[in-house]
Amino acid sequence: MPQLEEGDYYKSPEGFIVFTKQYHLKRGYCCQNGCKHCPYGFDKKSGRFKK
């Protein structure tokens with residue numbers, strides 16, 4: 001797991017950590033969990049990549 005830096009995440013109003021597109025690209029792969037800011041285009045409902 002890459003070292004977290006400013007811009008890699010933010011906290012939701014509920015207090016959850018939400019990873020940004022910047023973090024996902026730095027990590028280098030899709031975890032296929034349907035992340036809110038997934039730059040890889042994974043759709044959790046269909047289990048497929050959109051792109």
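Let's start with Lys26: this residue is partly exposed, at 35% relative accessible area. Partly exposed lies between buried, under 20%, and exposed, over 50% (1.4 Å probe, protein chains only).

A word on the source. This is a predicted model, where local features need pLDDT of at least 70 and side-chain atom pairs count only at pLDDT 80 or more, while totals for chains, interfaces and linings use all residues. Residues are numbered from 1 along each chain as its sequence is written, and side-chain values use heavy atoms, leaving out hydrogens and water.

Now, what does Lys26 pair with? Side chains of opposite charge can pair when their charged atoms come close. Our cut-off for a salt bridge is a side-chain nitrogen of Lys or Arg within 4 Å of a carboxyl oxygen of Asp or Glu. The whole structure has 2 salt bridges. One joins Glu5 and Lys26, at 3.5 Å from N to O. Glu5 is in the segment before E1, Lys26 is in helix H1 (residues 21–27), and 21 residues separate them. Helices (H or I, at least four residues) and strands (E, at least two) are DSSP runs, numbered from the N terminus. Glu5 is partly exposed, at 48%.

Another salt bridge joins Asp8 and Lys26, at 2.8 Å from N to O. This pair also links distant parts of the chain, 18 residues apart.

Is Asp8 buried or exposed? Asp8 is buried, at 0% relative accessible area. Its side chain also reaches the backbone nitrogen of Glu5, at 2.8 Å.

Next, the rings. Rings of Phe, Tyr and Trp (its six-membered ring) pair if their centres lie within 6.5 Å; planes under 30 degrees apart are stacked, over 60 edge-to-face, and the rest tilted. How many aromatic pairs does that rule give? The count is 2. Phe19 and Tyr23 are stacked, with 4.2 Å centre to centre and 20 degrees between the planes. Tyr23 is buried, at 2%. Phe19 is partly exposed, at 26%. Phe42 and Phe49 have centres 5.2 Å apart and planes at 65 degrees, so that pair is edge-to-face. Phe42 is buried, at 12%, and Phe49 is partly exposed, at 40%.

One more ring. Arg27 lies over the face of Tyr29, at 4.8 Å from the ring centre. The rule: NZ of Lys or CZ of Arg within 6 Å of the ring centre and within 35 degrees of the ring normal.

That's the tour. Over to you.

How values were computed:
Polar contact = N/O pair within 3.5 Å; in protein donor to acceptor, adjacent residues only side chain to side chain.
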